[in-house]
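Here are my notes for you. Have the model open while you read them.

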Amino acid sequence: MPDTDSRRDTPRVPSTLRDPLAAALARTGLDAGIAALRPMADTGLAHHHLWLERSGGDWVARLPKQSQMRLDPAANLAYQAACFSRASRGGHAPALHGLLPPDPTLPRGGLLVDAVRGRPARLPEDLPRLAEALASLHTLAVPAAEARAPLLSPADPWAAMREELDEQARFLEQAGLPDAARAPIEAELAALPRRLPPGPGAGPRLISFDAHPGNFLITEDGRAVLVDLEKCRYGLVGFDLAHASLYTSTTWDLHSRAELTPGEVAAFYRDWLAATGLAGEVETLLACRRAMWLWSLTWCAKWRASHRRAQDARRRGEDWSAALSDDALIAHVRERVDHYLSVAAIEHVRGEHRDLQRRLAS
């Protein structure tokens, strides 16, 4: 099958990573059968990627630039390893093959996962495939509370989301937003319910928490594979459904960029409901949708306020410094952030939410 993974189109990974990666593979005994290490395009703010050509099936090396979970390097790798190990059981995520511990030449270590040959998602036609992939994750058996570590598993996932929103909302002032943009964001934050009604939709399931369409590849056999897994947790499925279909998600990635109609979004939700057989109270799903949108907006404010900082020389946890990524990627993120924080984009999503509420309630 021809390799159509857009992440390999333009090599951006610094060549200085090749030798440390090769040495780490040899040290851990994971270098058998590797014929070549090839850089992949710099498409994300959290990882560099290299494609490993192997006689027994290709792998991808994920080398963290930072930890979005604010973990030290070893804990970050353990967290991501758990994400891939658990999500891959559903058949729509890459399998984990190895872990490269942090060392002086590879300070944040790395993960080795299945390489996926596929194309970017095309919306809206691939929405049913995305719904099926998310359903494979959301219908996995949920382990007992004491067996969920190291993944996050808050006792009240909604309250945990509200706390995260409150924390990120502190960056709204630092982001330099005009009052016309900041006021509706703060009004939407204040309008979030304090708690959700009890029911199946308010129970924890394994979720990606980063299910925007740019994180999926579509294989030749038509299967959607969620290839970026580092923020999984036991939380509310409504967050994933929102992140896969919100305007701020579907227009983020250059290769899968599309603006969905409310009718197409409603059909996506119905496809997911049919694939899972789970009950999904409209009120809960829409509350999660609004919260995920506000999470994205407050993250945008956080990034705008943080990306000009110098790189963390100690390579500890979270680090949004622009110095870690290719200039073209930073320019793209900046343009998207500025757009999503604009009055026009905010009002667009508010209008979509009202329309979607009418459609799903009918």
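1. Is Phe171 buried or exposed? Phe171 is buried, at 15% relative accessible area; buried means under 20%, exposed over 50%, partly exposed in between (1.4 Å probe, protein chains only). This is a predicted model, where local features need pLDDT of at least 70, side-chain atom pairs count only at pLDDT 80 or more, and totals for chains, interfaces and linings use all residues. Numbering starts from 1 along each chain as its sequence is written, and side-chain values use heavy atoms, leaving out hydrogens and water.

2. Phe171 sits in helix H5 (residues 171-174); helices are DSSP runs of H or I, at least four residues, numbered from the N terminus. Leaving aside residues up to four places away in sequence, Phe171 touches Ala301, Lys302, Ala305, Ser306 and Arg309 (contact is heavy atoms within 4.5 Å).

3. Now look at the largest nonpolar core, with 93 residues. Such a core is a set of buried Ala, Val, Leu, Ile, Met, Phe, Trp, Tyr and Cys residues joined through side-chain atoms within 4.5 Å. Trp158, Ile185, Phe239, Phe268 and Trp299 touch the most other members. Helix H10 (residues 282-306) gives the most to this core, 14 residues.

4. Next, see how helix H4 (residues 157-169) packs on H10: the angle is about 25° and the axes are 9 Å apart. Axes are lines fitted to C-alpha atoms, for helices over the stretch in contact, with angles from 0 to 180 degrees between N-to-C directions. Among the residues that meet are Trp158 and Met161 in H4, and Ala287 and Cys288 in H10.

Methods
Helices (H or I, at least four residues) and strands (E, at least two) are DSSP runs, numbered from the N terminus.
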